[in-house]
Amino acid sequence: MKDFNPEGKFEVKETPYIKMFVKDGILHFYYKEIENMDLDMAKACVKDRKEFTNNKSYPCLVDVVMLKNSTKEARDYFADEGNEGIKANAILVSSSAVKMMTNFYIMVNKPKNPTRMFTDKDSALEWLAQYKD
């Protein structure tokens with residue numbers, strides 16, 4: 001989570017798998033180092049997010065830089081039920097392997113809400129701004 005830097009005073013929620021906070025109407029969601037995200041982990045992440053946001057919908061910056069791999073079941077879950085309460089996802093990537101995994105997720109799993117991949121955090125936040133209340 002090298003880019004996890006909530007500037008200012010924000011409520012930060014941390015779980016075994018993620019750190020998250022809301023800043024300027026955008027949910028920032030950072031995965032911790034995870035070797036292989038499975039369905040149970042995915043469900044826990046979504047449950048924790050919904051509790052943290054009190055089921056309010058947000059555009060979401062999703063940093064998957066530290067996520068190594070995920071199971072088909074986890075990807076299917078994230079693309080459908082796991083996107084409840086998310087207006088749009090900007091997925092922040094760095095390595096070629098994570099880019100390939102994210103492209104696969106977007107093209108094959110077809111998330112039910114607007115989803116784009118970014119390598120630049122500022123560009124991702126700029127794109128997400130159109131989905132804010």
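Guide: Leu92 is found in strand S5. Helices (H or I, at least four residues) and strands (E, at least two) are DSSP runs, numbered from the N terminus. The model is predicted: local features need pLDDT of at least 70 and side-chain atom pairs pLDDT 80 or more, while totals for chains, interfaces and linings use all residues. Residues are numbered from 1 along each chain as its sequence is written, and side-chain values use heavy atoms, without hydrogens or water.

Leu92 has a relative accessible area of 3%, so Leu92 is buried. Buried means under 20% relative accessible area, exposed over 50%, and partly exposed in between, with a 1.4 Å probe and protein chains only. Phe104 is 12 residues from Leu92 along the chain, and their C-alpha atoms are 14 Å apart. Met117 is 25 residues from Leu92 along the chain, and here the C-alpha separation is 6.1 Å.

Met117 belongs to strand S6, residues 115-118. Its relative accessibility is 26%, so Met117 counts as partly exposed. Beyond its neighbours within four places in sequence, Met117 is in contact (heavy atoms within 4.5 Å) with Ile91, Val93, Lys99, Thr102, Asn103 and Ile106.

Setting aside residues up to four places away in sequence, Thr102 touches Val64, Ile91, Val93 and Met117.

Further along, Asn109 is also part of helix H3. Asn109 counts as buried because its relative accessibility is 12%. Not counting residues up to four places away in sequence, Asn109 touches Arg75, Asp76, Ala79 and Phe104. The side chains of Asn109 and Asp76 are joined by a polar contact of 2.7 Å. A polar contact is a pair of N or O atoms within 3.5 Å; within protein, one must be able to donate a hydrogen and the other to accept it, and residues adjacent in sequence count only if both atoms are side-chain atoms.

Next comes helix H2. Its buried residues include Ala74, Arg75, Tyr77, Phe78 and Ala79. S3, H1 and H3 are among the elements that cover the buried residues of H2.

Aromatic rings come next. Six aromatic pairs turn up in a search of the whole structure. Tyr77 and Phe78 make a tilted pair, because their ring centres are 6.3 Å apart and their planes stand at 55°. Rings of Phe, Tyr and Trp (its six-membered ring) pair if their centres lie within 6.5 Å; planes under 30 degrees apart count as stacked, over 60 as edge-to-face and the rest as tilted. Tyr77 and Phe78 are both buried. Another tilted pair is formed by Phe118 and Trp127, at 5.7 Å centre to centre and 45° between the planes. Phe118 and Trp127 are buried as well.

Phe29 and Tyr31 lead on to the nonpolar cores. The largest core has 28 residues, and Leu27, Phe29, Tyr31, Met37 and Val64 have the most contacts inside it. At least two residues of this core come from each of S2 (18-23), S3 (26-31), H1 (39-52), S4 (58-63), H2 (72-79), S5 (86-92) and H3 (96-109). Helix H1 gives the most, with five residues. A second, separate core has 11 residues, including Phe21, Phe118, Ala124 and Trp127. A nonpolar core is a set of buried Ala, Val, Leu, Ile, Met, Phe, Trp, Tyr and Cys residues joined through side-chain atoms within 4.5 Å. In soluble globular proteins, nonpolar side chains tend to be buried together.

Leu27, from the largest core, has contacts beyond four places in sequence that include Phe21, Arg49, Tyr58 and Ile86.

Last, the chain as a whole. It has four helices and six strands, in the order β-β-β-α-β-α-β-α-β-α from the N terminus. Buried residues make up 47% of its 133 residues. Of the contacts between residues at least 6 apart in sequence, 74% join residues at least 24 apart. Along the principal axes, the C-alpha atoms fill a box of roughly 35 × 30 × 25 Å.
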